[in-house]
Amino acid sequence: MSLARNIAKWSGITFVALLGSVVLLFFFAWRAHQIQARVGCPVLAWLIPIDHTPIGSNDYIEITAGGGLTYWEPIHIRIYGDGRVERDTVETIRGFTTGCPLHPDQRTTRVSPQDAKKLLELARDGGFCRLCSVYQYPGIIYDAGSSTMTVSLGGKEKSVRNHAGKPPPILNELYDSIDKLTPMDDLADTHKFSPEREAECSAFLEQQEDNLHSGKGR
């Protein structure tokens with residue numbers, strides 16, 4: 001009887017252990033397929049003091065944004081530490097370009113070096129390096145655009161993507177500051193396009209579709 005009891009006891013323990021393992025396996029598999037609100041959060045970065053290295057002329061902050069508002073073209077803006085600004089209203093994904101290119105004289109402009117430096121200092125001192133890589137809505141959402149902000153300081157680059165997520169206030173503060181320095185409304189808001197601009201943008205889109213169908217865009 002003692003042997004039978006021991007066998008039953010260990011069989012029960014083994015069953016419980018196996019059941020626990022299966023439950024854990026299913027849990028981790030479930031977690032792996034969930035959309036996480038935050039991804040790539042550098043926990044250790046909060047333990048390291050912020051590096052207040054002076055802003056250089058080639059340091060930059062850059063944003064790319066697309067989707068969401070269908071009447072807005074995709075936007076790309078890069079502001080350098082010396083005030084140079086590069087921008088455009090196109091986005092290329094897998095060889096297909098959407099949006100409408102700016103004219104050559106619209107693709108570059110300048111802001112004051114003081115404003116550019118202040119913007120980059122805001123990113124540096126506001127802890128941009130401590131942000132997660134991705135902030136997103138923890139579910140399926142189809143009508144929200146996405147944006148990516150990249151900051152390069154002293155040759156070290158970090159990007160943060162936001163897709164209807166809830167990032168810390170510093171990210172929105174940087175977006176607002178960039179928009180004030182180089183607003184894109186007149187260049188990207190299709191409601192403000194002249195008939196000539198609408199015509200050239202339609203022609204560009206048709207050309208991209210022709211290239212895609214003919215295999216040139218692959």
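1. Let's start with a charged pair. Asp88 and Arg107 form a salt bridge in this predicted model, and their closest N and O atoms are 3.7 Å apart. The pair links distant parts of the chain, 19 residues apart: Asp88 belongs to strand β4 (residues 84-88), while Arg107 sits in the loop between β6 (96-99) and β7. Asp88 counts as buried because its relative accessibility is 15%, under the 20% limit for that class. Arg107, with a relative accessible area of 32%, is partly exposed.

2. Glu62 lies in strand β2 and Arg78 in strand β3, so the bridge ties together parts that are 16 residues apart in sequence. Are these two residues buried or exposed? Both Glu62 and Arg78 are buried.

3. Strand β2 (residues 60-66) and strand β3 (residues 75-80) pair in the antiparallel sense, over six bridges. As background, strands of a sheet pair through backbone hydrogen bonds, in either a parallel or an antiparallel way.

4. Now step back to the whole sheet. Eight strands make an open sheet with mixed pairing, in the order β1-β8-β10-β9-β2-β3-β4-β7. Which strands lie at the edges? They are β1 (38-39) and β7 (108-110), each of which pairs on one side only.

5. Helix α3 (residues 169-181) lies across β2, β3, β9 and β10 (156-163). The helix runs at about 85 degrees to β9.

6. Strand β10 also holds His163. At 16% relative accessibility, His163 counts as buried. Leaving aside residues up to four places away in sequence, His163 touches Tyr135, Gln136, Tyr137, Ile141, Ala144, Gly145 and Ser146.

7. Together with Ile35 and Ile140, Tyr142 forms a nonpolar patch on the surface. The three residues have about 380 Å² of accessible area together.

8. Back to charges for one more pair: Asp186 forms a salt bridge with Lys192, with 3.9 Å between the closest N and O atoms. Asp186 counts as exposed at 59% relative accessibility, whereas Lys192, at 46%, counts as partly exposed. The count of salt bridges comes to six, among them the Asp186 and Lys192 pair.

9. Finally, some overall numbers for the protein chain. There are five helices and 10 strands, and 31% of the 218 residues are buried. Among contacts between residues at least 6 apart in sequence, 68% join residues at least 24 apart. The chain exposes about 14000 Å², and carbon and sulfur atoms supply 59% of that area.

Key. Residues are numbered from 1 along each chain as its sequence is written. This is a predicted model: local features need pLDDT of at least 70, side-chain atom pairs count only at pLDDT 80 or more; totals for chains, interfaces and linings use all residues. Side-chain values use heavy atoms; hydrogens and water are left out. Patches are made of residues with over 30% relative accessible area and no salt bridge: like charges are joined within 9 Å, nonpolar side chains (Val, Leu, Ile, Met, Phe, Trp, Tyr) within 5 Å. Accessible areas come from the Shrake-Rupley method with a 1.4 Å probe; for residues, only the protein chains shown count as cover. A salt bridge is a side-chain nitrogen of Lys or Arg within 4 Å of a carboxyl oxygen of Asp or Glu. Two strands pair if DSSP finds at least two bridges between them. Helices (H or I, at least four residues) and strands (E, at least two) are DSSP runs, numbered from the N terminus. Contact means heavy atoms within 4.5 Å. Axes are lines fitted to C-alpha atoms, for helices over the stretch in contact, and angles run from 0 to 180 degrees between N-to-C directions. Buried means under 20% relative accessible area, exposed over 50%, partly exposed in between (1.4 Å probe, protein chains only).
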